[in-house]
Amino acid sequence: MLYDSNKKQLYTCSQDRMVKLWDPKTGKCIHTLFGHEYGVIKMVLHKHFLYTASWDGRIGVYNLKKPLQMPSFLEGHSGKLRCLTRYEDLLYSGGNDGQVRVWSLKTHKCKAVFKGHKKPVTSVIVPNKYVTLTCGEENQMFRWPSSSVISSAKSKQAFETLALKEKQKIELKRDHSYDLGSKASEQEVKIIINGEKFRVSSKLNLLEACRKVGFDIAALCYHPALGPVGTCKCCVVDVKSEGSTNYKRACACATEVWDGMDIRTDSPQVREQLMSAIADLRKKQKNRSLIMKIAGNYDKRGDLSLERYIKKGESRLQSSKYQISEKVFDDETDSMLDLLIDRVSNRFIDQTNLAIQVDHTKCIDCTRCVNVCSNLQGMNVYSTTSTSVYVDSLMPSLNTKGEFLSETMCISCGQCSLYCPSGAITEIDHTEKLEVIMKTKKKLVIVGIAPSSRLSLAEIFKLTPGSLTTGQCAHLLRLLGFNRVFDVQFTADLTIMEEGTELLHRINDPNSILPMFTSCCPGWINLVEKQYQNIIPHLSSCRSPQQMFGSIIKNYYAKKINIDPKDIFCVTVMPCTAKKKELLREQFRNPETGLRDVDLCLTVREVGRMVAKRGIEFSELEDREFDNPLGFSTGAAQLFAGSGGVMEAAVRSAYWLKFGEDFPALQYNAVRGLKGIKEAVLDFDGRQLRLAVVSGGKNIHKFLETWGTSSFNYDFIEIMACPGGCIGGGGQPRSNLDIVPIRLKSVYQREQKMTSRSSHDNPYVKKLYQDWLKKPYGEKAMMYLHTTYAPFKFKSNLIKEVKKHEEINKGLTSKNSFLILYGSQTGTAEKAAEKVADITRSKKKKVRIMEMNEYGPPINLKNEKFVIFVTSTFWDGAFPENATKFWEDLKNLQPMSLTKLKYCVFGLGSSTYTRFNNAARQIDGKLKELGAHEIIEIGLSDREDKNGYLTALNPWLKEFERTIKKVKKRRVWKK
């Protein structure tokens, strides 16, 4: 609790992640501040900023002049924060990582770090500017000479060194701990698992720590790249602190290890919890075979599988076995007929996306798709509340403007399919179609493999990425039945020749459009056409290497070998799911023959399934050459596999095209690595060429925040939708978190070994220009190697726009009616809104009722007289899908912009969640800030009441009815 004596406001924080501002006189909440992912434990007030310390390891910075804005964050701690202290213009934070960080309240940057505590820091005391005292859970106090360093201009590293040399340690109590043979390091803690003693890294959570020392705890929702979720409850263990007598239940994935922690993974209570979790999964899945596949090892997903714990009524939990009294699975009832009936009658598979599919009946509510789509890619397509009419089990409900995945903002990157453990979201499988084509033997089946796919094929055989040689990759594809095996790296070289020439053309032409964005990533193209349509003129017109490959095969190679293009079936092996959708674009269909350039795209996972089906072993693979002329490539093409590779390859050839000599440093380190956003400046004939490289959806959104402003000042930008580029593509094999850096390392190693390292040195590319294309960026090249883009049209949006215009044309002007706007996730709030509408009509009032997102820009509310908002809150504080856009736009309105509006709000929620009715409270608070007048007090219902939401709605409706009686009858408008 914190009191501001100047403004006479009270601030409270709690584990529900919210900070509330109260008026002590009235006892009413003025504002609610959101932003943190976990509970807020400490607050510090300085001027008009509120600083909050949270268990998510971040310090929230709230601008109290704009209380409804989301906070910025000070990040640096690797664990939960435990304390927050201010002295003058410095802020001190201590956390579970044993560090104390010193922040400048003027610049909001970290000035120094105190390192020395082996356990969490519990308090920081700054008695004066000369000394800082810190206390930790190891019962030790450290004294640091602060001012002598902070007041000088020394670096942070020098500060740490000096502080560690001059610190005076005062032991208040001897550390009582058991001896494991030697003293544990600062990076390790001592724990006990089922009576055995271990040392593990303090940076691990309990789940990872147990797995590292050989205790395979079952887990379903957890993935190391996504952080803890704790929804599946399969990883529950018993824990206690040293000296404590009582064990407490904890989710291993969401619990940090501490020194002296005692863990039990095989207690009866833990066993019971796992069986309960399995039973819940049994309810969601209709047959045993789906249950046995849900957790990861199926289809080589690489995650820990529950299958090892469930077998014929016996559960193997870590080190113990026991018989369960009730049989969970019944093998005898799962006949093939039962499975077929179940699959036909209950399954709904959404394949409208054309690249990935959602099998709703396989969803086990792990929320991985939600986390990866929102937190990793920033697309927010998925939510987890069931609203589908197709099946009655819990499934991922699409956060959508339309009914199907094709009508969402989905860019087909496939990251959700990469992380989904149950097979509910997968790439659309085309292996059966390919096998049918191969069996008929009526067509010449040609395959081309992408740069990153050549590396990750080794993972099919559980080898390190890049273990397969180029020749072994070619032999593997021949064993699968392909008649010609080519290398898409050839057309990657071709792409660079075209893109480098286009870049030079744009730089030299004062009337051309800059910056130029790369266009080889179809996920990025989908994002531009859906969300950033004003960037379309800035896109390079070059086709991707896949589409150049298909065009060369059907239009050049077919003539070269004297075969009708109709008799060629062109296949590519890609690390990307979006490539499946890219080949279906109408721009890539030959207008004369009607043939598509590429007929089919396989992901690396699909090739893995074909290899497993054929029973091909690694020992069978020999070195074979790719077929020519599309089998030779350079090191520049190999770089396409990783983020920054297209940029580096383009710089090499653009420099050669401009000056006729090789780029001085072939290895351009400025654009290498896995950093999400990279920038560089290149001296290009006296001109400073400003470059940028971005990978990952969330980084793209962050990078484009300044798009259209003077600060966005670049010439050439490479963007890849997947984190790390193609090596992290949605079609890659499922593996652990550290595989992407290994893949990238293999890219650089292969590139260095190539005899030719620049695209312009490819002799077959030179011959292609000589025999057919004539010159880069020429007339023929523009016809076969370049393309156009267009804004994506949402069908559902068009329908809503038509309805809106029809309504306006009928004369239903907003000033002459009561407007009811509702946000409903499951339909309950919509029913409540209809009850409000019935009451209003009974008083002979004109009523308009619609979803919030259908209404249009909220600024139009200034033309309304009376508006009733009815909204539910689903999950833990989230807005309904049909109200999210309206709320985002409403938040951006300027204060006091709706002073003439009269309104009331009714909310629906469930008290099983800490932030229930959050949506209604947020709307009510924002409307008050906008100057709107509340005609009756906000109504809040609880689904857990005896009569559900009606318990609160009925008295609220009576008060509403009495209020609208006082409203004078207005003139009926003309239709």
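Tutor: The model is a predicted one. It has 975 residues, of which 56% count as buried, and its secondary structure consists of 28 helices and 42 strands. Of the contacts between residues at least 6 apart in sequence, 66% join residues at least 24 apart. The accessible surface comes to about 43400 Å², with 49% of that belonging to carbon and sulfur atoms.

The count of salt bridges is 38. One of them is formed by the side chains of Arg454 and Asp487, at 2.6 Å from N to O. Arg454 belongs to helix H10 (residues 451-456) and Asp487 to strand S30 (residues 484-487), so this pair ties together parts that are 33 residues apart in sequence. Both Arg454 and Asp487 are buried.

A second pair is Glu529 with Arg585, whose side chains meet at 2.8 Å, N to O. Here Glu529 is in helix H13 (residues 522-530), while Arg585 is in the loop between helix H15 (578-582) and strand S33 (600-603); the two are 56 residues apart and link distant parts of the chain. The cut-off for buried is under 20% relative accessible area. Glu529 has a relative accessible area of 7% and therefore counts as buried. Arg585, at 16%, is buried as well.

The side chains of Glu751 and Arg652 form a salt bridge of 3.0 Å, N to O. Glu751 lies in helix H20 (residues 739-753) and Arg652 in helix H18 (residues 645-659), so the bridge ties together parts that are 99 residues apart in sequence. Glu751 and Arg652 are both buried. These two residues also take part in a network of salt bridges, in which they are linked with Glu648, Arg672 and Arg757.

Phe716, in strand S36 (residues 716-720), is buried at a relative accessible area of 1%. Beyond its neighbours within four places in sequence, the contacts of Phe716 include Met647, Ala650, Arg690 and Leu691.

Definitions and conventions
Residues numbered from 1 in each chain as written. Predicted model: local features only at pLDDT ≥ 70, side-chain atom pairs only at ≥ 80, totals over all residues. Heavy atoms only, no water. Helix = DSSP H or I, 4+ residues; strand = E, 2+ residues; numbered from the N terminus. Buried < 20%, exposed > 50% of the residue type's maximum accessible area, 1.4 Å probe, protein only. Contact = heavy atoms within 4.5 Å. Areas by Shrake-Rupley, 256 points an atom, 1.4 Å probe, with all protein chains shown as cover. Salt bridge = Lys/Arg side-chain N within 4 Å of Asp/Glu carboxyl O.
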